[in-house]
Amino acid sequence: MNRSILFTLMLVAAASFSMVTAGDCEDGYRAGRQLVWNYWEEDLDEDCDNGWALKLARLKVMERFAGGRNWKEHRFNECAINGADEIIQDLEEKCFDKEPSQCMDLANGAAETIVTDRVCTPKKEVGLSTMQKHRGHPHRGHPMLRRPDYRK
């Protein structure tokens, strides 16, 4: 067989392969984006307060578009994941990069939790805790329960 004919056949085969793959990829890309968009609209109410759950959308996409039985499904799924990743990135940018209030609210909430849980716990009922009762003395045991020693 002539080399030029063989080369031409190879080019035709490659072009056919890429046309099929491109269609599968475009369909997969749209399917991945649509899955995330539906999750954003229906489950997250298009609300950036719920935007932190977009990571769950990626897990749903990875589960839905895992593997494939053949090269077409594999290619479709790969492109679906790429499309989903792109829209997740766009939504996260919209919610967190362009609108810093989400991050500020999160930081304020975290600071409040730390202060409430670790530093300024609300007053509890007056009485001995279980730990104090078992130790036999109300101020022995945990360092936070000890009275300060002013004799030093």
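Me: Is W52 buried, partly exposed or exposed, and what's its relative accessible area?
Reply: W52 is partly exposed in this predicted model. Its relative accessible area is 39%, which falls between the 20% limit for buried and the 50% limit for exposed.

Me: How many aromatic pairs turn up in the whole structure?
Reply: A search of the whole structure gives two. In one of them, the ring centres of W52 and F96 are 4.3 Å apart. The planes of W52 and F96 are at 35 degrees, so the pair is tilted.

Me: Where do W52 and F96 lie?
Reply: W52 is in the loop between α1 (3-43) and α2 (54-64), while F96 is in helix α3. The pair therefore ties together parts that are 44 residues apart in sequence.

Me: And F96, buried or exposed?
Reply: Buried, because F96 has 13% relative accessibility and the cut-off is under 20%.

Me: What about F65 and F76?
Reply: F65 and F76 form a tilted aromatic pair, 6.1 Å centre to centre with 55 degrees between the planes. F65 sits in the loop between α2 and α3, and F76 in helix α3, so this pair ties together parts 11 residues apart in sequence. F65 is buried at 4% relative accessibility, whereas F76 is partly exposed at 24%.

Me: New topic. Where's L91?
Reply: In helix α3, which covers residues 71-97. L91 is buried, with a relative accessible area of 5%.

Me: Which residues does L91 contact, leaving aside neighbours within four places in sequence?
Reply: V36, W37, W40 and L54.

Me: How far is L91 from E46?
Reply: Their C-alpha atoms are separated by 9.4 Å, with L91 and E46 45 residues apart along the chain.

How values were computed:
Residues numbered from 1 in each chain as written. Predicted model: local features only at pLDDT ≥ 70, side-chain atom pairs only at ≥ 80, totals over all residues. Heavy atoms only, no water. Helix = DSSP H or I, 4+ residues; strand = E, 2+ residues; numbered from the N terminus. Buried < 20%, exposed > 50% of the residue type's maximum accessible area, 1.4 Å probe, protein only. Contact = heavy atoms within 4.5 Å. Phe/Tyr/Trp six-rings, centres within 6.5 Å; stacked < 30°, edge-to-face > 60°.
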